[in-house]
Amino acid sequence: MSTASRRRAYSGPTIFSYGFRPFFLGGAIWASITAPLWVWSYLAGDGWLSREWHIHEMLFGALAAIVAGFLTTAVPNWTGRMPVIGAPLAGLFGLWAAGRVAMLAPGLSPIVIGAVDSAFLIVFAAVIWREVLAGRNWRNLPVCMLVSLMALGNVLFHLRPVFWDTDLAWRVGMAAIALLIALIGGRIVPSFTNNWLKAQGQAPSARPESRFDHLVLLATAGALAAWLASPASLMAGSAMAGAGALNFVRLARWRGWRTLKEPLVWILHVGYGWLALALGLLGLGVFAPGAPPTLGVHALTVGAVGVMTLAVMTRASRGHTGRALAADRSVQAIYLLINLAALLRVSAAAGSLNPVLLSASVIAWSLAFGLFAVSHIPMLARPRPMVAGQA
């Protein structure tokens, strides 16, 4: 049975008919809740939720769900293998939800919390490895490696009391997601751009995955490896700044300005631009010791991650549920809010964590993900609309 026929034969709850349905919805809801919870605790000074909890739930909670939603939907198309749907998908989502409960539950031992929370990414990585290897889809082995790197970062987070470098866990998670954006974003941004340009009767932009693209990916991976090993070293700073510049050149070759009529396309270019900026800021921070170190961190996490995930979520939700690939007003509002959140968060970091800018950024972030959840529930929880003449 093919991937498509397996999906057509599925007769269970709609929410578990595609990986993107539960994970996009769950990840968006969790992203919209966790940020204001932490800021409320931070500004109140009650210490209920720590900085470490905030970092963990953004990287290994909300973001991990969105990555799972994308890959459990995309990998069957890449490999021609059976999709993870129905009970297996519900079980995988249950592991993710159990981790969120464990991270908030009072009184649990660190060992129990670590075991429950780590299970999701470990099992998810194993599923992706199994499908890619069984399908002999060697091209996507790097994706398997990066998901495994995310799982490793999560395990390191729970083992951080025994490591001298307590920030290593989140750097591992950030490096993995930055490379995923560079790798997968480098495929879909020019591909979707060219498809849209062709539909408009225009000549395509630069083709994806040229030798230059491979060079940029290698440079980015090398820079992030240096940053993981020694983030304050001159070598890491130079490599990250160079990787940022190369990614800006890569982005310019895709000519995103030609797609300004369609927000579903140009938002992908904006998201990739945040990645290039983040890499550059992380690198330049080494040469400007007085600059806040979190400038690049939040350009990556709120800018690149926030913008690119919502860009992919809105497009994939429409494409896989039979809707038109066009941005309505709610989607345009989502894009405006998430970019505003990123600009405000970077500005807050530049201003020694100004509480007004921080609060405004969190409000914009929560509204962006909350609006996605509310406006996309009909798409994610209901069956795909029947096309006229379809059986």
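This report describes selected local features of a predicted model.

## Packing of α7 against α10

Two packed helices are described by the angle between their axes and the distance between the axes. Helix α7 (residues 168–199) packs against helix α10 (residues 263–287) at an angle of about 150°, and their axes are 9 Å apart. Because angles over 145 degrees count as roughly antiparallel, α7 is roughly antiparallel to α10. The crossing of α7 past α10 is left-handed.

On the α7 side, the contact is formed by A178, I181, A182, G185, G186, I188, V189, F192, T193 and W196. Their counterparts in α10 are V265, L268, H269, Y272 and L275. By class, the contact of α7 with α10 comprises eleven nonpolar and four polar residues, with no charged residues.

## The side chain of T72 in α3

T72 belongs to helix α3 (residues 51–79). T72 is buried, its relative accessible area being 4%. A polar atom of the T72 side chain lies 2.6 Å from the backbone oxygen of A68. The T72 side chain also reaches the backbone oxygen of G69, at 3.5 Å.

## Positive phi in two loops

Most residues other than glycine have a negative phi. R136, which is not a glycine, has a positive phi of about 50°. R136 is located in the loop between α5 (110–134) and α6 (141–158), and is exposed, with a relative accessible area of 61%.

R255 likewise has a positive phi, near 55°. R255 lies in the loop between α9 (234–253) and α10. With 40% relative accessibility, R255 counts as partly exposed.

Conventions:
Residues are numbered from 1 along each chain as its sequence is written. This is a predicted model: local features need pLDDT of at least 70, side-chain atom pairs count only at pLDDT 80 or more; totals for chains, interfaces and linings use all residues. Side-chain values use heavy atoms; hydrogens and water are left out. Axes are lines fitted to C-alpha atoms, for helices over the stretch in contact, and angles run from 0 to 180 degrees between N-to-C directions. Helices (H or I, at least four residues) and strands (E, at least two) are DSSP runs, numbered from the N terminus. Angles under 35 degrees count as roughly parallel, over 145 as roughly antiparallel, 65 to 115 as roughly perpendicular and the rest as oblique. A crossing is left-handed if the near helix is turned anticlockwise from the far one by less than a right angle, and right-handed if clockwise. Contact means heavy atoms within 4.5 Å. Ala, Val, Leu, Ile, Met, Phe, Trp, Tyr, Cys and Pro count as nonpolar, Asp, Glu, Lys and Arg as charged, and the others, Gly among them, as polar. Buried means under 20% relative accessible area, exposed over 50%, partly exposed in between (1.4 Å probe, protein chains only). A polar contact is a pair of N or O atoms within 3.5 Å; within protein, one must be able to donate a hydrogen and the other to accept it, and residues adjacent in sequence count only if both atoms are side-chain atoms.
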